[in-house]
Amino acid sequence: ELSDRVTLAVGRLRAAGLTVSTPDAAVVSVTAPGPEAASAWAADCRDRGVAVGCFRPPSTPDTRSRLRLTISAGVPRAEFERALAVIVECAP
């Protein structure tokens, strides 16, 4: 189930035109246009009930800003799919 969710998340986010890492595990990185956009994106998601990690320079080794999503099989499927929709809808 976890592997299926990671595949689903990466596919949906890429289909929405977002730049997404190819994860080795259940952590997916989604590139943001810059630090301010990453912060606003994460805040917009949080305001809609979806918690995501937000990493910006200098805490990123490659100086790119990004959201980090931790995929879980413990979240009900409908909530997981809603979270993906929110992330896409809030994207800068």
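1. Arginine 64 has a relative accessible area of 40% and is therefore partly exposed, where buried means under 20% relative accessible area, exposed over 50% and partly exposed in between, with a 1.4 Å probe and protein chains only. Arginine 64 forms a salt bridge with aspartate 62, and the closest N and O atoms of this pair are 3.0 Å apart; the term stands for a side-chain nitrogen of Lys or Arg within 4 Å of a carboxyl oxygen of Asp or Glu. Aspartate 62, at a relative accessible area of 32%, is likewise partly exposed.

2. A word on the basis of these values: this is a predicted model, in which local features need pLDDT of at least 70 and side-chain atom pairs count only at pLDDT 80 or more, while totals for chains, interfaces and linings use all residues. Residues are numbered from 1 along each chain as its sequence is written, and side-chain values use heavy atoms, with hydrogens and water left out.

3. Threonine 63 lies in the loop between β2 and β3, where helices (H or I, at least four residues) and strands (E, at least two) are DSSP runs numbered from the N terminus. Although threonine 63 is not a glycine, it has a positive phi of about 65°, and with 59% relative accessibility it counts as exposed.

4. Serine 65 belongs to the loop between β2 and β3, the latter strand covering residues 66-70, but at 4% relative accessibility serine 65 counts as buried. Leaving aside residues up to four places away in sequence, serine 65 touches Val30, Thr31, Ala32, Gly34, Pro35, Ala38, Phe55, Arg56 and Pro57, contact meaning heavy atoms within 4.5 Å.

5. Proline 57, one of the residues that serine 65 touches, is joined to proline 58 by a cis peptide bond with an omega of about 10°. Proline 58 is found in the loop between β2 and β3.

6. A search of the whole structure finds 7 salt bridges. One of them is between arginine 12 and glutamate 81, with the closest N and O atoms 3.5 Å apart. This pair links distant parts of the chain, since arginine 12 is in helix α1 (residues 2-15) and glutamate 81 is in helix α3 (residues 77-90), 69 residues apart. Both partners are also part of a network of salt bridges that links Glu1, Arg5, Arg12, Arg77 and Glu81. Arginine 12 is partly exposed at 37%, and glutamate 81 is partly exposed at 28% relative accessibility.

7. Arginine 48 forms a salt bridge with glutamate 89, the closest N and O atoms being 2.6 Å apart. Here too distant parts of the chain are linked, with arginine 48 in the loop between α2 (35-47) and β2 (53-55) and glutamate 89 in helix α3, 41 residues apart. Arginine 48 counts as partly exposed at 37% relative accessibility, whereas glutamate 89, at 52%, counts as exposed.

8. How do α2 and α3 pack, and at what angle? Their angle is about 140° and their axes are 9 Å apart, the axes being lines fitted to C-alpha atoms, for helices over the stretch in contact, and the angles running from 0 to 180 degrees between N-to-C directions. That makes α2 oblique to α3, because angles under 35 degrees count as roughly parallel, over 145 as roughly antiparallel, 65 to 115 as roughly perpendicular and the rest as oblique. The contact is made by Trp41, Asp44 and Cys45 of α2 together with Val86, Ile87 and Cys90 of α3.
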